[in-house]
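Please look at the sequence and the structure before reading on.

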Amino acid sequence: MNRIITRPEEIVKNEQVLYSGNHYLSVPIIDCQNGAIKNINVVSLSNKALVELKGEANLFTPHFYQEGNEIEIEKIDVSKEQYYLPRLDFFLKGGIRVTGRIFADLKEKGLIYSFESSEKIEISLFFDLKDVCLLRFDSHKIDTKKIIKRDKWLGNPIANIFSLKVSLALAFGGDKDFEVDDFKGKETLNLKISCQNKNCFYIAVNYDPDGASATLIHLRRKGYSGIYNEFLDWLKKKTIPYPKVPALETKLNENLFFNYFFSIAKDMESDKYLALTSRSPRYYVSGAFWERDCFLWSLPAVKLVCPQLYQHLVREMILIHSKSPGDHAHYIDGTVLYPGFELDEAASYFILLDNLKDHFFDEALIRALEEVFERIEREYDPRTGLYKTFLLPSDDPAEYPLVTIDNVILWRGLQNLRKILFKKGKIKKAQLINQKIENIHKGIHKYLVKEIKGKKIFLWSTNGKGNFRLYNDPPGSLGTLCFYRFVDKDDPIFKNTIDYYYSSQYPYYFENARINELACDHHPHTPSGLGLCGSILNPLLSNVALKWLKNANMDYGLLAESFDKDSGEAKTGIGFASGCGYLAYSLYHILIKEGKE
């Protein structure tokens, strides 16, 4: 086997952006220097990707005028209202103050850019659609036709975008005093409103011009203030309070809501809910699906926001993705994007099954779960009682195929499967599963525990024939052995394991760093944000891990895959929505459920 490791490129300087959107429509990059919207995207199940609309520089750019003269922006202060909704406070030349807000309707296919001004001004929103792309890992430009015309109901401009693969339309309007420059024969629009106190631009998106136009009418009927307050009230109800440490409350909720809106999407063509790594093109593998990222990290955080959506997603994602369980990465429709078996991903199906109602498990779901188990069984090593993997939780190749954390996740998940099979009267299958659970437990203690420098510790991996590796892969941190209830915090082998890896004996530990979280093969010079989540969940490290978190700004408060060991600034993996779910859930688990800090 060629052990090829695909390392992400380190970020030199991470620029702050704001973001907005709902499950239909994402606004992943709002420029904090000029208030422009760089791009928007919707999900397309038929294209197995996000459909991304991009401008030459920006898709929408605001400009401010008074008596025909453009007013210079001196500075912008940016913030998030209720941990999600972006607010831009523009300081214009001459002492004029303008507050801008960019928000979607909570449930409809529409976006609003609203303004409040201290003086009467004119505001222009310049629309420049340069490229239509399919976003999956990278942005892949596709050929489309773009026709701008007036809609038949309001006489407002509509951009109709269509090709053999894509059908999409945007309709534009304002709350009042809306105008548009002549656009005959043009591919750009100069949208205008006057603003004495308050006004807004409406941007409706739908499958075709009729749908976009009708959605625009609906948005105008509801009114932007009502739409904004509906979203704000919803966020307030869903916010998880932690007044004891306001900084941790902010971290928890910002990551919670980013995960909720950027790792879950609603297909524009069918209204089906889908899960994906991220809807942000800032993340280097956006627009695809990882079972681990969804089942172990994202969905537990979605459950904190909306248990009903969680139950729906659990069922749908198992049914969609169980046809290729454990393959490295999937397209959003469940077909294989990136082959290579990963045991932790296949085992993650069973972790989801905890605390779901009995009626949830109909024949279709039981069969899907049995097919996942059948795939895992192909990796069974009868000599050790353990299961093999080809790739590690980092998605890089395993040096030795029997990996501790993968088998622990399977051990824990099979207990959920066993319980369900017993309840369904499938006694023989449940007994087989029970035997597998016992074999894994024995096999780990026999083949994956070794005395190192006089102390027994858990190894990272082995071939079962004497070769082993001492390592700790952050997306599958050995620190989560307690979380998966394989050991308790007083287990001497577990304590020795943590002492070993978080010490100068281990090459990916930085003893003199400000933040002592571990790096790994995947990003050898920078500590892991995912590893930090594992440390928060580790009762032996949770207190110090919360201190590390306070020093790690990462992606301006959101989790990053890795960060600088001293400054705490993001170095790889920004815009990482499902990872943000892991941080939100880890904080909830330790601060609220277990009452630490």
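Contact in this report means heavy atoms within 4.5 Å. Helices are DSSP runs (H or I, at least four residues) numbered from the N terminus. The model is predicted, with local features needing pLDDT of at least 70 and side-chain atom pairs counted only at pLDDT 80 or more, while totals for chains, interfaces and linings use all residues. Residues are numbered from 1 along each chain as its sequence is written, and side-chain values use heavy atoms, with hydrogens and water left out.

**Helix packing**

Ile366, Leu369, Glu370, Phe373 and Ile376 in H7 meet Leu410, Leu414, Leu417, Ile420 and Leu421 in H8. This contact of H7 with H8 has 9 nonpolar, no polar and 1 charged residues, where Ala, Val, Leu, Ile, Met, Phe, Trp, Tyr, Cys and Pro count as nonpolar, Asp, Glu, Lys and Arg as charged, and the others, Gly among them, as polar.

| Helix pair | Angle | Axes |
|---|---|---|
| H7 and H8 | about 140 degrees | 12 Å apart |
| H4 and H6 | about 35 degrees | 8 Å apart |
| H11 and H13 | roughly 15 degrees | within 9 Å |

Angles under 35 degrees count as roughly parallel, over 145 as roughly antiparallel, 65 to 115 as roughly perpendicular and the rest as oblique. H7 and H8 are therefore oblique to each other, whereas H11 and H13 are therefore roughly parallel. The crossing of H7 and H8 is left-handed, a term used if the near helix is turned anticlockwise from the far one by less than a right angle (right-handed if clockwise).

H11 likewise passes H13 in a left-handed crossing. On the H11 side the contact is made by Leu530, Cys533, Gly534 and Ile536, and on the H13 side by Gly579, Tyr582, Leu583, Ser586, Leu587 and Ile590.

**Pocket and cavities**

On a 1 Å grid over the protein atoms alone, a cavity is a set of points where a 1.4 Å probe fits but cannot get out, and a pocket is an open set with protein on both sides within 12 Å along at least five of seven lines, with lining residues having an atom within 4 Å of a point. Grid points are joined across faces, edges and corners, and a volume is the space filled by probe spheres set on the points.

The largest pocket has a volume of about 780 Å³. It is lined by 34 residues, of which Asp354, Phe483, Tyr585, His589 and Lys593 are the closest to its centre. Helices H4, H6, H8 and H13 are the elements that give two or more residues to this lining, which has 20 nonpolar, 6 polar and 8 charged residues.

The structure also holds 4 cavities of 30 Å³ or more, and the volume of the largest cavity is about 60 Å³. Its lining is formed by Gln16, Val17, Tyr19, Lys80, Arg282, Asp555, Tyr556 and Leu558.

Terms used:
Axes fitted to C-alpha atoms, helices over the stretch in contact; angles between N-to-C directions.
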